[in-house]
Amino acid sequence: QVQLVESGGGLVQAGGSLRLSCAASGRTFTSFLLAWFRQAPGKEREFVADIRWNSGVTHHSNSVKGRFTISRDNAKNTVYLQMNSLKPEDTAVYYCAARQIYVSEYNYWGQGTQVTVSS
């Protein structure tokens, strides 16, 4: 059973940085995509970034490109989201998600971690 556990959220001032972690367990992830999504109050869940586990190829949404970086540590089975130059509009619950590369929908989700950026 795949488990994803996020950590690292918190309260930060605008312009500051945070690093989120997602510890993945339950199987090997060589054929998986791991991703970060976020959901702000009253808004739909939004894709932030993803990374192909075996190759390390990444994609970032336009809203975070140049400020956020997704990465992974294979030895620790952990995915990170380094968030720099944070803005109040980045305030949201951030979720880690996973899917096999041949599956269209993300079918494994973590519980989420709150990120609040004050102005």
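Predicted model: local features only at pLDDT ≥ 70, side-chain atom pairs only at ≥ 80, totals over all residues.
Residues are numbered from 1 along each chain as its sequence is written, and side-chain values use heavy atoms, leaving out hydrogens and water.

On to the fold: there are zero helices and eleven strands (DSSP runs numbered from the N terminus; helices are H or I with at least four residues, strands E with at least two). Of the 119 residues, 43% are buried, meaning under 20% relative accessible area, with exposed over 50% and partly exposed in between (1.4 Å probe, protein chains only).

Now for the salt bridges, of which there are three (a side-chain nitrogen of Lys or Arg within 4 Å of a carboxyl oxygen of Asp or Glu). Arg38, Glu46, Arg67 and Asp90 are linked in a network of them. Start at arginine 38, which is buried at 7% relative accessible area. Its side chain meets glutamate 46 at 2.8 Å, N to O, and glutamate 46 is partly exposed at 31%. Arginine 38 also pairs with aspartate 90 at 2.9 Å, N to O. Aspartate 90 sits in the loop between β8 (78–83) and β9 (92–100) and arginine 38 in strand β4 (residues 32–39), so this pair ties together parts 52 residues apart in sequence.

Aspartate 90 is buried too, at 1%, and bridges to arginine 67, with the closest N and O atoms 2.7 Å apart. Arginine 67 lies in the loop between β6 (58–60) and β7 (68–73), so its pairing with aspartate 90 ties together parts 23 residues apart in sequence.
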